[in-house]
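Biologist: I'd like to learn how to read pockets and ligand contacts. Could you walk me through it?

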Amino acid sequence: MKSAIYPGSFDPVTLGHVDIIKRSAGLTDKLIVGVLNNSTKTPLFSVEERVNMLKNVTRKIPNVEVVSFTGLLVDFAKEKDCHVIIRGLRAVTDFEYELAMAQTNRVANPDVDTIFLTTSLKYAYLSSSIVKEMAQYNGDISKFVPEEVIEQIYSKYGR
Ligand code: PNS
């Protein structure tokens, strides 16, 4: 594949995300990590913070580019001249939402296909929401997120 987009909120990035990024980067010449910047969501981290965290944790993967996008994912894909979207599937509970999103995107732009990677089993339970919940109550998040971002996450909760 010439290029692919791995989109998400990444609020914050988890080890599950990094696992998908590493595996996808091995499948394509260029992987664009697209960080959603839509005003309807109120994330814990600003889009700049999320982009910087992702740039930091992917700095050793040469074919990864991290950028934010606003609006529709298919428009971002068109702007980047990219025809492949990559999403991770953790469990059957993800499936309905992911299927609807992939189908909607294909109706909106039939040139774009979505490829699903199954999340590695050791991260199947993991989500950004779980990380935030654990960090909020001073739980140990070292098994959930890359080392480089641990302090930044705790600092959001005044620790
Ligand atoms: O990490 P997330 O929050 O599960 O990622 C969801 C994301 C960013 C991929 C999705 O919300 C998205 O693509 N939003 C952009 C708006 C869009 O294109 N919506 C149409 C698809 S239903």
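Modeller: We'll go through the pockets, the ligand and then one loop. This is a predicted model, where local features need pLDDT of at least 70 and side-chain atom pairs count only at pLDDT 80 or more, while totals for chains, interfaces and linings use all residues. Residues are numbered from 1 along each chain as its sequence is written, and side-chain values use heavy atoms, with hydrogens and water left out.

Biologist: How do I read a pocket, and what is the volume of the largest pocket?

Modeller: Rolling a probe the size of a water molecule over the atoms shows where empty space is left. On a 1 Å grid over the protein atoms alone, a pocket is an open set of points where a 1.4 Å probe fits, with protein on both sides within 12 Å along at least five of seven lines; lining residues have an atom within 4 Å of a point. Points are joined across faces, edges and corners, and a volume is the space filled by probe spheres set on them. Here the largest pocket holds about 940 Å³. Its lining counts 36 residues, with Gly 8, Ser 9, Lys 41, Arg 87 and Tyr 97 nearest the centre.

Biologist: Which element gives the largest share of that lining?

Modeller: Helices (DSSP H or I, at least four residues) and strands (DSSP E, at least two) are runs numbered from the N terminus. Helix 4 leads with 5 residues of the lining. Strand 1, helix 1 (15-25), strand 4 (84-89) and helix 5 (128-136) are among the elements that each supply at least two.

Biologist: Where does the ligand sit?

Modeller: A molecule sits in a pocket if more than half of its atoms lie within 2 Å of the pocket's grid points. In this model, the ligand takes up the largest pocket. Strand 1 (3-8) and helix 4 (92-108) give two or more residues each to the shell around the ligand, and helix 4 gives the most, 3 residues.

Biologist: How many residues surround the ligand, and which are closest?

Modeller: Count a residue as near if one of its heavy atoms lies within 4 Å of the molecule. That gives 14 residues, the closest being Ser 9, Lys 41, Leu 72, Leu 73 and Arg 87.

Biologist: What about the second largest pocket: which residues lie nearest its centre?

Modeller: Val 18, Lys 22, Val 57, Pro 146 and Glu 148 do, out of 14 lining residues. Its volume is about 210 Å³, and helix 1 gives the largest share of its lining, 4 residues.

Biologist: Which peptide bond is cis?

Modeller: Look at the one from Asp 11 to Pro 12, with omega near 5°. Pro 12 is in the loop between strand 1 and helix 1. Phe 10 is found in that loop too, and has a positive phi of about 50° although it is not a glycine.
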